[in-house]
Amino acid sequence: MAKGYWVSAYHTIADPEKLAAYNKLAGPAVRAAGGRTLARGGRVVAHDAGIAERTVLVEFDSFEQAVAAHASAAYQEALAALADGVERDFRIIEGLD
């Protein structure tokens with residue numbers, strides 16, 4: 001079964017306090033849903049139209065698990081805390097088998 005991944009590429013961080021509140025809630029929500037954070041922040045080299053800002057990669061055992069984690073009440077609470085604090089491109093993608 002192919003794994004599922006959350007890929008978040010942040011364009012701007014307008015409110016670091018909202019991001020901190022989100023991080024406090026999102027980490028436990030992701031772990032409870034079986035997610036493993038593989039990369040968060042750290043060094044980024046952007047190419048083409050990319051922006052070298054915060055990037056996050058989370059792995060799940062399946063694509064379906066990744067979708068369900070995003071829909072979970074715990075993660076939705078984290079998103080409410082984040083609100084308009086950042087502008088990001090968030091995708092759920094299926095890995096290769």
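Mentor: A salt bridge is a side-chain nitrogen of Lys or Arg within 4 Å of a carboxyl oxygen of Asp or Glu. In this predicted model, Arg36 makes such a bridge with Glu59, and their closest N and O atoms are 3.3 Å apart. Arg36 belongs to strand 2 (residues 36-40) and Glu59 to strand 3, so the pair ties together parts that are 23 residues apart in sequence.

Trainee: Which conventions apply to these numbers and atoms?

Mentor: Residues are numbered from 1 along each chain as its sequence is written, and side-chain values use heavy atoms, with hydrogens and water left out. Because the model is predicted, local features need pLDDT of at least 70 and side-chain atom pairs count only at pLDDT 80 or more, whereas totals for chains, interfaces and linings use all residues.

Trainee: With which residue does Lys3 form a salt bridge?

Mentor: Lys3 pairs with Glu59, again with closest N and O atoms 3.3 Å apart. Lys3 lies in the segment before strand 1 (4-13) and Glu59 in strand 3 (residues 55-60), so this bridge ties together parts that are 56 residues apart in sequence. Lys3 is partly exposed, with a relative accessible area of 33%. Salt bridges link Lys3, Arg36, Glu59 and Asp61 in a network.

Trainee: How many salt bridges does the structure hold?

Mentor: There are five. One of them joins Asp89 to Arg91, with 3.0 Å between the closest N and O atoms; Asp89 is partly exposed at 27%.

Trainee: In what order do the elements of the protein chain run?

Mentor: Helices (H or I, at least four residues) and strands (E, at least two) are DSSP runs, numbered from the N terminus. Here the chain has three helices and four strands, in the order β-α-β-β-α-α-β from the N terminus.

Trainee: What share of contacts joins residues at least 24 apart?

Mentor: A contact means heavy atoms within 4.5 Å. Among contacts in the protein chain between residues at least 6 apart in sequence, the share joining residues at least 24 apart is 78%. Of the 97 residues in the chain, 29% are buried.

Note on methods: Buried < 20%, exposed > 50% of the residue type's maximum accessible area, 1.4 Å probe, protein only.
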